[in-house]
Amino acid sequence: MSQAQAPEPRTTLDPERVAHWLARHPDFFVGREGLLQQLKVPHPQTQGAISLLERLVHDLRERAETAEWRLEHLLETARHNEAQYQRTRSLILALLEAENVDALGEALSTQLSERFRTQAVALWLDSPHDGSAVQPPQMRLDDSTRATLEELLDGHNSRCTQLSREAWRTLLPHSEPPESSGSCAVTRLTMGEPLGYLLLASQESEHFRATLDTLFTDYLGEIVGRLLIRLDTAHARRD
């Protein structure tokens with residue numbers, strides 16, 4: 001009597017091969033919609049299971065919400081950039097209208113205060129460009145003040161950093177100092193030769209935090225430097 005043959009082991013399909021086959025046949029479920037209802041997948045937020053169709057709806061809703069958030073973020077960035085452009089445009093136009101260094105300093109102080117929440121401004125220059133007495137925010141630069149400003153710059157051309165109460169009193173004597181410490185953005189004014197320094201300050205210690213980019217400060221410093229040269233040249237021609 002022959003021995004009974006052992007049953008063949010149960011075979012299963014390789015999941016990777018199934019996934020590959022379905023990817024090559026995306027129309028497999030056409031006409032088999034009932035099968036979709038029977039398939040179960042893990043719930044994305046609980047330990048239970050939901051149908052494949054419910055999971056697809058859930059994923060599509062999440063994607064729609066993510067796309068909506070990204071669109072809103074892009075629109076908000078666009079609105080911010082538009083507002084920044086308008087503020088910068090008004091500032092530059094006001095500076096271009098200045099007829100002398102005093103008017104330039106006044107335009108800087110007014111525009112930066114009204115449009116950029118800058119509470120104090122100082123324009124430290126090597127010498128008065130029109131030979132007259134200076135008035136804030138224009139200040140006469142000396143070796144001691146230069147050393148203080150260079151210490152703030154710490155080897156950079158422009159820098160955002162905290163400003164102690166003592167340094168505020170030295171660099172912004174025409175403005176009320178903060179109770180403890182504020183913050184500032186300082187840039188060196190050079191146009192082939194040293195001209196001075198432009199200092200923007202806030203009583204808020206994090207307004208000009210060290211991690212801020214100095215692109216705007218660099219740009220403003222370049223504009224002010226060119227205007228100082230132009231005003232100095234125009235004054236020399238009048239003499």
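## Packing around Leu108

In this predicted model, Leu108 is in contact with Leu95, Val121, Leu123, Leu198, Leu220 and Val224, once its neighbours within four places in sequence are left aside.

Leu108 also belongs to the largest nonpolar core, which has 27 residues and in which Leu95, Leu108, Leu198, Leu220 and Val224 touch the most other members. At least two residues of this core come from each of helix H3 (52-96), helix H4 (101-116), strand S3 (120-125), strand S6 (181-190), strand S7 (194-202) and helix H7 (215-238). Apart from this core lies another, made up of 18 residues that include Leu141, Leu171, Val186 and Ala201. In soluble globular proteins, nonpolar side chains tend to be buried together.

## A buried loop residue

Thr118 is found in the loop between H4 and S3, and it counts as buried because its relative accessibility is 4%, where the cut-off for buried is under 20%. With neighbours within four places in sequence left aside, Thr118 is in contact with Leu112, Ser113, Leu200, Ala201 and Phe208.

## The largest pocket

The largest pocket holds about 460 Å³ of space. It is lined by 17 residues, of which Gln84, Phe116, Phe208, Leu212 and Phe216 are the closest to its centre, and the elements that give two or more residues to this lining are H3, H4 and H7.

By residue class, the lining of the largest pocket divides into eight nonpolar, five polar and four charged residues. Phe208, one of the residues closest to the pocket centre, is also among the contacts of Thr118.

Key: Residues are numbered from 1 along each chain as its sequence is written. This is a predicted model: local features need pLDDT of at least 70, side-chain atom pairs count only at pLDDT 80 or more; totals for chains, interfaces and linings use all residues. Side-chain values use heavy atoms; hydrogens and water are left out. A nonpolar core is a set of buried Ala, Val, Leu, Ile, Met, Phe, Trp, Tyr and Cys residues joined through side-chain atoms within 4.5 Å. Buried means under 20% relative accessible area, exposed over 50%, partly exposed in between (1.4 Å probe, protein chains only). Helices (H or I, at least four residues) and strands (E, at least two) are DSSP runs, numbered from the N terminus. Contact means heavy atoms within 4.5 Å. On a 1 Å grid over the protein atoms alone, a cavity is a set of points where a 1.4 Å probe fits but cannot get out, and a pocket is an open set with protein on both sides within 12 Å along at least five of seven lines; lining residues have an atom within 4 Å of a point. Grid points are joined across faces, edges and corners, and a volume is the space filled by probe spheres set on the points. Ala, Val, Leu, Ile, Met, Phe, Trp, Tyr, Cys and Pro count as nonpolar, Asp, Glu, Lys and Arg as charged, and the others, Gly among them, as polar.
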